[in-house]
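Subject: Structure handover

Dear colleague,

I am passing a structure on to you, and my notes on what was found in it follow below. Please read them with the coordinates open beside you.

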Amino acid sequence: MSYKAKFRVWRGEGGEGKLEDFTVEVNEGEVVLDIIHRLQATQAPDLAVRWNCKAGKCGSCSMEINGRPKLGCMTRMSTFTEDETITVTPMRTFPVIKDLVTDVSFNYQKAREIPSFTPPSDVKPGEYRMQQIDVERSQEFRKCIECFMCNNVCHVIRDHEENKPGFAGPRFLMRIAELDMHPYDVADRKDSAQEEHGLGYCNITKCCTEVCPEHIKITDNALIPMKERVVDRKYDPLVWLGNKIFKR
Ligand code: SF4
Ligand code: F3S
Ligand code: FES
């Protein structure tokens with residue numbers, strides 16, 4: 001069964017643009033990305049959209065559909081009524097390159113700022129022994145497909161360009177938490193999480209968790225435990241005494 005859907009798509013580049021209306025054919029079983037591709041094929045050959053896998057695994061096709069961050073390839077047309085207008089816009093937190101394609105290099109910059117896994121010098125690869133619970137904890141975080149929709153939706157940077165230098169965003173605060181909880185990581189990540197990567201900005205609104213297509217419990221399993229680890233460190237009586245003595 002086919003029908004004609006009303007689409008309103010953001011078009012523009014160089015900081016300028018507007019929503020344009022289209023009427024486009026929809027067939028049974030299709031997703032929003034199929035419709036964007038049909039638009040390219042039939043009405044707007046220069047419409048820019050980023051995608052790769054069309055299977056919800058590469059994280060390339062992040063966009064905002066009716067104002068909500070979604071993967072275009074995983075959003076079924078059957079979730080909309082046939083008479084509704086579907087609005088498709090680029091992710092708002094990142095600069096637009098063209099149409100639906102944003103410049104997500106902010107995220108790569110943040111990734112580079114986090115020191116990599118730092119094992120103890122006397123343990124060699126192949127000698128690591130971990131409990132299953134520690135393996136499973138990181139496995140949840142490793143499901144991340146780097147769609148950056150969590151960073152896109154977080155209010156700390158969504159409308160606050162000025163917060164970007166000091167906030168890694170939920171995706172990379174989760175990375176710091178993963179490393180801090182790793183039994184073989186010896187880097188000190190607690191102070192830097194708070195002071196350099198902006199953990200303190202997060203006020204646990206959980207919007208990041210809501211939009212994660214991999215259903216990672218970013219807030220409950222990474223951000224809140226990391227906040228607890230930072231606080232435990234700060235109020236640990238031995239650390240407090242050490243700071244007093246050595247700061248004199
Ligand atoms: Fe996307 Fe989830 Fe990874 Fe954030 S944590 S980048 S929402 S997959
Ligand atoms: Fe932002 Fe997620 Fe915290 S949306 S405020 S990082 S819980
Ligand atoms: Fe790869 Fe959508 S195209 S996640």
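A residue is taken as near a molecule if one of its heavy atoms lies within 4 Å of it. Please bear in mind that this is a predicted model. On that basis, the residues around ligand 1 are C144, I145, E146, C147, F148, C150, R171, M174, C212, P213 and I218, and by class this shell holds nine nonpolar and two charged residues, with no polar ones.

I218 from that shell also has a place in the largest nonpolar core, which has 62 residues and in which F7, V9, V32, I36, M77, V88 and I218 touch the most other members. Helix α6 (residues 169–181) supplies the largest share of this core, namely seven residues. Setting aside neighbours within four places in sequence, I218 is in contact with C150, P170, M174, C208, T209, C212 and L223.

Helix α6 also packs against helix α3 (residues 132–141), at an angle of about 170° and with the axes 10 Å apart; because angles over 145 degrees count as roughly antiparallel, the two helices are described as such. On the α3 side the contact is made by R137, S138 and F141, and on the α6 side by M174, E178 and M181, which by class gives three nonpolar, one polar and two charged residues.

Finally, V26 lies in strand β2 (residues 16–26) and is buried, with a relative accessible area of 2%. Not counting residues up to four places away in sequence, V26 touches M1, S2, Y3, A5, I35, R38 and M77.

Best regards

Methods:
Residues numbered from 1 in each chain as written. Chains lettered and ligands numbered in written order. Predicted model: local features only at pLDDT ≥ 70, side-chain atom pairs only at ≥ 80, totals over all residues. Heavy atoms only, no water. Nonpolar A, V, L, I, M, F, W, Y, C, P; charged D, E, K, R; others polar. Core = buried A, V, L, I, M, F, W, Y, C linked by side-chain atoms within 4.5 Å. Buried < 20%, exposed > 50% of the residue type's maximum accessible area, 1.4 Å probe, protein only. Helix = DSSP H or I, 4+ residues; strand = E, 2+ residues; numbered from the N terminus. Contact = heavy atoms within 4.5 Å. Axes fitted to C-alpha atoms, helices over the stretch in contact; angles between N-to-C directions. Parallel < 35°, antiparallel > 145°, perpendicular 65-115°, else oblique.
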